[in-house]
Amino acid sequence: MSGPGPRHDLSVVIVGGLHADARRAAVARLLADVPGSVVLHHDLATATAGTVVRTVRDATGILDAGEAPLVNDCACCALREDLVPELVRLAEAGGTPLAVVELWDSVEPKAMAEVVTAGGFTVTGVITAVDPALVLPYLGNGDDLAEGGLAAAATDQRTVADTFARQLEYASVLALAESLPGSPEADDEDRELLTQLHPTARRVPIGHGDPAGAPAPSVSAPSELARAALAGFDVEAAAAAQHPACALLPAEADAHGVATLVWHRRRPFHPERLYAALEDLTCAAARSRGRFWLAGKGDTLLHWDAAGGALCVESAGPWLAALPDAAWELVPPVRRAAAALDWHPEHGDRCQHLVFTSPGLDRDGLERLLESCLLTDAEYAAGQAAWERLPPAFDTLLEV
């Protein structure tokens with residue numbers, strides 16, 4: 001897509017999530033509560049047959065259906081190509097106050113919100129529908145999406161856990177559907193885990209197992225979910241909040257058996273000791289993320305992203321302190337502001353900032369393990385020239 005298209009007078013809310021029953025309940029609530037609204041859905045389950053099935057429906061049933069061919073053998077690519085033209089048709093037909101884009105199970109909202117915005121539409125809300133009782137099981141599920149028939153392309157190597165984590169953490173609104181048929185009862189620990197994973201999200205209960213299509217309490221008084229769906233959404237700010245250099249990470253917390261440890265240090269990791277501890281660190285919490293500084297790679301900001309017992313480590317570009325002053329003008333203002341808030345006179349924005357969230361978190365043991373991976377006083381005093389000669393234990397991992 002070459003650039004933003006013409007603006008269209010149609011509000012769009014995106015509803016996603018791997019918890020399909022919760023997602024359908026949230027969509028049904030919006031259709032019932034916003035008269036004249038329609039939902040656009042692309043079913044990627046038919047991708048193995050070479051097509052994606054598109055449906056448009058309102059509160060009374062299906063209005064239109066069709067198929068979109070795969071693009072480069074990728075169902076998600078077909079969704080991207082077909083979504084905006086369908087929204088344009090709805091906008092041009094008029095009479096629709098709200099288009100609800102219901103994402104298929106494993107489709108992540110970030111990419112779709114950016115596609116919709118670039119297509120000239122206003123995204124008024126991004127909602128991830130969640131069954132609180134399933135949060136921990138999904139975060140702990142390290143299976144590949146392909147194993148459950150949820151892959152969006154033949155090359156899709158995502159896992160259930162990391163996909164669910166990104167769906168959860170990007171949304172501005174979490175629609176909480178409890179007591180759904182066949183689902184266990186949620187308890188305080190489940191709800192607390194959800195709160196600590198995404199403390200800034202607006203959490204909206206959508207009933208206790210209300211059947212799909214159940215009428216809203218009153219069309220004259222929009223539900224909290226409808227108000228949240230129309231409250232507004234900043235796509236650029238949401239992207240910045242996920243970038244490891246300026247991510248809006250959870251704060252320290254400890255309640256109902258769930259804890260969040262925020263670990264912040266101004267000394268680099270020893271590459272070999274950190275590499276040796278990766279498995280224990282990855283399995284120490286249901287979810288961990290953040291940025292870290294590795295001795296010998298002082299120019300590179302490294303991203304830590306773990307869920308389901310699997311860890312992804314990748315370069316997120318340079319630390320600002322590694323850039324010449326002239327290059328700072330090319331850096332987004334939000335990144336410069338985040339660095340300025342945490343600037344060190346010697347190391348600049350280089351730091352360890354990792355956050356671990358889990359029920360039953362062994363905070364003391366985790367802190368001891370992390371501390372043992374840092375350079376010792378003698379290693380630190382030896383200086384950067386000595387750090388560059390340390391064994392490059394992460395090179396193979398970062399090449400993957």
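This is a predicted model: local features need pLDDT of at least 70, side-chain atom pairs count only at pLDDT 80 or more; totals for chains, interfaces and linings use all residues.
The largest pocket has a volume of about 530 Å³. Its lining comprises 26 residues, of which Asp162, Arg166, Arg287, His303 and Asp305 lie closest to the pocket centre. By residue class, the lining of the largest pocket consists of eleven nonpolar, ten charged and five polar residues. At least two lining residues come from each of helix 3 (109-118), helix 5 (160-170), helix 8 (235-242), strand 11 (287-292), strand 12 (300-307) and strand 13 (310-318). The most is given by helix 5, with five residues.

For the second largest pocket, the volume is about 290 Å³. This pocket is lined by 19 residues, and those closest to its centre are Glu169, His198, Thr200, Ala241 and Leu248. Twelve of the lining residues of the second largest pocket are nonpolar, four are polar and three are charged. Helix 5 and helix 8 each supply at least two residues of this lining, with the largest share, four residues, coming from helix 8.

Helix 9 was examined separately. At 1.5 Å a residue, its twelve residues (271-282) should span 16 Å, and the 16 Å separation of the end C-alpha atoms agrees with this. Pro271, Leu274, Ala277, Leu278, Leu281 and Thr282 are the buried residues of helix 9. Viewed down the axis of helix 9, these buried residues fall within an arc of 160 degrees and therefore line one face of the helix. An α-helix has 3.6 residues a turn, so residues three or four places apart point the same way. The exposed residues Ala276, Glu279 and Asp280 are carried on the face of helix 9 turned away from its buried side.

Conventions. Residues are numbered from 1 along each chain as its sequence is written. Side-chain values use heavy atoms; hydrogens and water are left out. The expected span of a helix is 1.5 Å times one less than its number of residues. Buried means under 20% relative accessible area, exposed over 50%, partly exposed in between (1.4 Å probe, protein chains only). The arc is that of the directions from the helix axis to the C-beta atoms. On a 1 Å grid over the protein atoms alone, a cavity is a set of points where a 1.4 Å probe fits but cannot get out, and a pocket is an open set with protein on both sides within 12 Å along at least five of seven lines; lining residues have an atom within 4 Å of a point. Grid points are joined across faces, edges and corners, and a volume is the space filled by probe spheres set on the points. Ala, Val, Leu, Ile, Met, Phe, Trp, Tyr, Cys and Pro count as nonpolar, Asp, Glu, Lys and Arg as charged, and the others, Gly among them, as polar.
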